[in-house]
Every structure is written in structure tokens, then in C-alpha cells.
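Subject: Structure for your files

Hello,

Please find the structure below, with the sequence alongside. My notes on what turned up in it follow.

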Amino acid sequence: MDATNKSNVIQLLVNSNQFHDVNKLLSTLREDGIELKALGANSKTGLSEQLKLQNWDLILCCEDANITLADTQKSISDLGLDLPIIFLVAENTPLNIAELLNTGIQDCLPANQANHILFAIKREFETHRLKKNYRLLALNFKELEKRQRILLDSATHALAYIQEGMHLYCNK
């Protein structure tokens with residue numbers, strides 16, 4: 001598998017007790033052409049271990065999981081990670097979705113709406129990928145600025161550029 005293909009594989013961590021239902025959902029997603037690598041976690045320690053061992057793109061957290069949404073978010077923040085969470089609920093669950101979204105999850109969807117989940121996963125994967133690329137570019141830019149500053153400070157000759165007919169000196 002080449003590097004471009006590998007970057008399109010979604011690393012999905014699933015918190016659920018109903019792995020049969022989740023496997024059906026994952027099968028539907030794969031049939032739609034999404035490349036997935038999914039693993040499950042059904043305890044706090046299992047979740048922490050999985051978060052430490054691998055770089056995940058997305059967490060799919062089901063309402064029926066042994067791990068609460070708050071515990072999942074705490075584990076993520078304790079490790080200093082920034083992972084999107086999609087929360088899946090049963091169809092007739094009387095939850096206040098606005099309150100859930102205020103806790104920091106990216107989406108709250110009924111577990112039986114595979115198409116909606118598909119679009120949410122694609123959207124969050126792309127957003128997460130863009131955030132990672134932005135962080136990498138910002139880090140590279142800081143490194144470039146640092147090297148440029150070192151070059152200017154260590155130059156023995158005057159360095160200048162011309163702007164609007166004036167010589168502007170970059171160093172002492």
C-alpha cells in the first residue's frame with residue numbers, strides 16, 4: 001500500500017457493547033468505498049491503551065458503551081489529543097442533543113441512519129486531516145522562521161532588500 005492510499009484509511013476507534021450492530025455499520029461503510037481500520041474498546045483502561053498505542057482519526061462512541069462519553073472525553077484530554085467524537089444513540093432516545101454538542105462532540109446521530117453516519121465520518125475525517133496538516137505546516141513555518149533568524153544573526157555582511165527604491169537592512 002503506498003503512502004497516498006494509506007493516508008485515506010480512516011483509523012476508527014469504536015466504544016460500544018453491541019459490536020454486532022457496529023460491525024453491520026462498518027460493513028455498510030466499507031461497501032460504500034470507505035477504507036476503515038476499526039478497533040473496539042469496551043473499558044476505560046482498554047480505551048486509554050488504544051489511544052496511547054495508535055494514532056486515531058475518529059472515535060465512534062455508542063450510547064450503550066461501558067465507557068461514558070465524559071470518560072471518553074477525559075481520556076482524550078488527559079493524553080492531550082484532539083480527536084473528533086461522533087456519538088451514536090438509539091432511535092427513540094430522549095437526549096438533549098444541544099447539550100451533548102456543547103460537551104465538545106462533533107455530531108450526535110441515530111445509530112440506524114447509516115448514510116448520515118457515513119457523511120459525518122467522511123466530514124470529520126477530512127476536518128481532522130486538515131487540522132493535522134495545518135499543525136504540521138505551522139510547526140514547519142516556526143522552524144523556518146527560527147532558521148532564518150539564525151542565518152540573519154550569524155551573517156557577517158549586511159543583508160538588505162529593496163522596497164520602493166529604498167534599501168531596507170535585515171541585520172545589523
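**A buried glutamate**

E124 counts as buried because its relative accessible area is 8%, which is under the 20% cut-off. Please keep in mind that this is a predicted model.

E124 lies in helix α6. Leaving aside residues up to four places away in sequence, E124 touches L58, P84, I86 and Q106. Its side chain also makes a polar contact of 3.1 Å with the side chain of R123.

**Helix α6**

Helix α6 covers residues 114–154, 41 residues in total. From first C-alpha to last, α6 reaches 60 Å, close to the 60 Å expected at 1.5 Å a residue. Besides E124, the buried residues of α6 are I117, L118, A120, I121, F125, H128 and L152. In an α-helix there are 3.6 residues a turn, so residues three or four places apart point the same way. What do the buried residues of α6 pack against? The partners are β1 (10–15), α2 (19–31), β3 (58–62), β4 (85–89) and β5 (107–110).

**The sheet**

The strands form an open sheet of five, in the order β2-β1-β3-β4-β5, with parallel pairing. At the edges are β2 (36–41) and β5, each of which pairs on one side only. From one strand to the next, the twist averages 25°.

Four bridges link β4 and β5 in the parallel sense, and L88 has L109 in β5 as its bridge partner. Two helices to look at here are α3 and α6. Helix α3 (residues 44–53) packs on the sheet and touches β1, β2 and β3, its direction making about 170° with that of β1. Helix α6 also packs on the sheet, where it touches β1, β3, β4 and β5, and its direction makes about 160° with that of β5.

In soluble globular proteins, nonpolar side chains tend to be buried together. Here the largest nonpolar core has 20 residues, and L12, L29, L36, L60, I86, L88 and I121 have the most contacts inside it. Two or more residues of this core come from each of β1, α2, β3, β4 and α6. The largest share, five residues, is from α6.

L60 touches L12, L13, V14, N15, L25, I86 and L88, again not counting residues up to four places away in sequence. Another core, of 17 residues, lies apart from the largest one, and includes I59, L69, I85 and L100.

Regards

Terms used. Residues are numbered from 1 along each chain as its sequence is written. This is a predicted model: local features need pLDDT of at least 70, side-chain atom pairs count only at pLDDT 80 or more; totals for chains, interfaces and linings use all residues. Side-chain values use heavy atoms; hydrogens and water are left out. The expected span of a helix is 1.5 Å times one less than its number of residues. Buried means under 20% relative accessible area, exposed over 50%, partly exposed in between (1.4 Å probe, protein chains only). Contact means heavy atoms within 4.5 Å. Two strands pair if DSSP finds at least two bridges between them. Axes are lines fitted to C-alpha atoms, for helices over the stretch in contact, and angles run from 0 to 180 degrees between N-to-C directions. A polar contact is a pair of N or O atoms within 3.5 Å; within protein, one must be able to donate a hydrogen and the other to accept it, and residues adjacent in sequence count only if both atoms are side-chain atoms. A nonpolar core is a set of buried Ala, Val, Leu, Ile, Met, Phe, Trp, Tyr and Cys residues joined through side-chain atoms within 4.5 Å.
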